[in-house]
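Here is a new structure to get to know. Take a look at the sequence and the model first, and then we'll walk through them together.

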Amino acid sequence: MGLIATVGRKDKKATPSLFELMREDDHAVKRKILITGGAGFIGSHVVRLFCRNYPDYRIYNLDKLTYAGNLENLADVAAECPNYRFIHGDICDIELMRQLFAGYAIDGVIHLAAESHVDRSIRDPFAFAQTNVLGTLSLLQAAREYWSSDTGGGMAGKLFYHISTDEVYGALQDPESFFVETSPYDPQSPYSASKASSDHFVRAFGNTYGLPVVISNCSNNYGPNQFPEKLIPLFINNIRNNKPLPVYGTGENVRDWLYVVDHARAIDTIFHRGKVGETYNIGGFNEWRNIDLIRVVIRTTDRLLGRPEGASEGLITYVPDRAGHDKRYAIDPTKLHEELGWSPSLQFEEGIERTIRWYLENQAWLDHITSGAYERYYAEMYGGRE
Ligand code: NAD
Ligand code: DAU
């Protein structure tokens, strides 16, 4: 079954087995939280925030380490946080999920593990149904079985927090409108269809079995550690390498961008103060047309690379559009703001500069993940387009 448990140490000999981890002394531990997908982009920021802010919690990061999972994202946490544990595994492996819940007496879940890239979902929708739908279902079932068992202690005080996306609502047609928590679901891509389906399963487990669930739907995230298949890191990497910048269609699609640490702060807020059974939309009222955002990325990257600002605009290359490309997403986060007091901490100008600086100062991180499989992905995804 591939049970590999490692704690935050590079020294392989010091790595205890899963069995040893289960025997750890738990007396001083206030909560035991399973974070799935913690080695990915958003997950790594959530793990860092929880490990640092809650030293009396134990944080179990369960990750399959797909192409998008990278333990380099958490090297600092592994070195500095004694409350951090890493478990290598697949959420679709229900026996492993059962063992984790029972073995570690998990009392909270923050579920981020997913296939997350729309373009990949267009090429291989089955992988998205497998992880995003069936994986979520196996996690729900394991939580339900354990929390309702004799040793699980009942549903009171437990929480299954599912991280979802604004893409489940589909594309906004009216330019003045926003997604709110009651907007109807209308997913358009295989990715968003799989996320919508997982949201429905989560709500169904709340309604049918009384599982204490909460869901949040967030807009586009940007920031350090994002895999360079997504627009912003892909463009920063191409600018530094003087490669074409593939703009889909006319570049007029609109996305609503939130700094990833502000998403992690919102997740912290909702995990601790959200109402069971509720949904919260997360966003920063920060809409950009792709082409305008791209120009900001180009100017800032050029400046930080010491090139004349705008010198890389000639790299812009309009390519055939993404199939079924949603025109506009925009979130209204009023409920989260008014009921739980969350608001973003960072202005976009500061966030984007901080982000670009991070990629340019961490070229080794970029170089590690843009060799090998990434080159093949890039050739397949963009080869026919440019
Ligand atoms: P990501 O692709 O960067 O990371 C996903 C992580 O999940 C990786 O570490 C990967 O190894 C892991 N994973 C994948 N399949 C797994 C499996 N079967 N078992 C265990 N681990 C597995 O994704 P992200 O951008 O960080 O997104 C995280 C979550 O947030 C997703 O659920 C996504 O739908 C949601 N979300 C993302 C955004 C965004 O802008 N990136 C916005 C809103 C919501
Ligand atoms: O809205 C939340 C969603 O945001 C998350 O649920 C997804 O996991 C996340 O990937 C993101 O989805 P998008 O499809 O909006 O992100 P992406 O970075 O792929 O694309 C952003 C916009 O840029 C989109 O309109 C497509 C366009 N684009 C993207 C790429 C990769 C290009 O023009 N060229 C590109 O090469």
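Let's start with ligand 2: strand β9 gives the largest share of the shell around it, 3 residues. That strand covers residues 245-248, and both it and helix α8 (231-240) supply at least two residues of this shell.

Before going on, a word on the ground rules. This is a predicted model, where local features need pLDDT of at least 70 and side-chain atom pairs count only at pLDDT 80 or more, while totals for chains, interfaces and linings use all residues. Residues are numbered from 1 along each chain as its sequence is written, chains are lettered from A and ligands numbered from 1 in the order in which they are written, and side-chain values use heavy atoms, with hydrogens and water left out.

**Ligand 2**

How many residues sit around ligand 2? There are 24, and T165, D166, Y191, R322 and H325 come nearest; a residue counts as near if one of its heavy atoms lies within 4 Å. By class, the shell has 10 nonpolar, 8 polar and 6 charged residues. For those classes, Ala, Val, Leu, Ile, Met, Phe, Trp, Tyr, Cys and Pro are nonpolar, Asp, Glu, Lys and Arg are charged, and the others, Gly among them, are polar.

Some polar contacts for both ligands are in the table. A polar contact is a pair of N or O atoms within 3.5 Å; within protein, one must be able to donate a hydrogen and the other to accept it, and residues adjacent in sequence count only if both atoms are side-chain atoms.

| Ligand (oxygen atom) | Residue (side chain) | Distance |
|---|---|---|
| ligand 2 | E167 | 2.8 Å |
| ligand 2 | N290 | 2.9 Å |
| ligand 2 | H325 | 2.7 Å |
| ligand 1 | S116 | 2.7 Å |
| ligand 1 | Y191 | 2.6 Å |

Taken alone, ligand 2 exposes 690 Å², and the protein buries 95% of that. Areas like this come from the Shrake-Rupley method with a 1.4 Å probe; for residues, only the protein chains shown count as cover.

**Ligand 1**

Over at ligand 1, 28 residues form the surroundings, and the closest are I42, D63, S116, Y191 and K195. Strand β6 gives the most to the shell, with 3 residues. The shell's classes work out as 12 nonpolar, 12 polar and 4 charged residues.

**Rings**

Now for the aromatic side chains. Rings of Phe, Tyr and Trp (its six-membered ring) pair if their centres lie within 6.5 Å; planes under 30 degrees apart are stacked, over 60 edge-to-face and the rest tilted. The count comes to 23 aromatic pairs. One of them joins W288 and F348, whose centres are 4.9 Å apart with planes at 40 degrees, so this pair is tilted. W288 belongs to strand β12 and F348 to helix α12, so the pair ties together parts 60 residues apart in sequence.

Is W288 buried or exposed? At 19% relative accessibility, W288 counts as buried, and F348 is buried as well, at 6%. Buried means under 20% relative accessible area, exposed over 50%, and partly exposed in between (1.4 Å probe, protein chains only).

Notes. Helix = DSSP H or I, 4+ residues; strand = E, 2+ residues; numbered from the N terminus.
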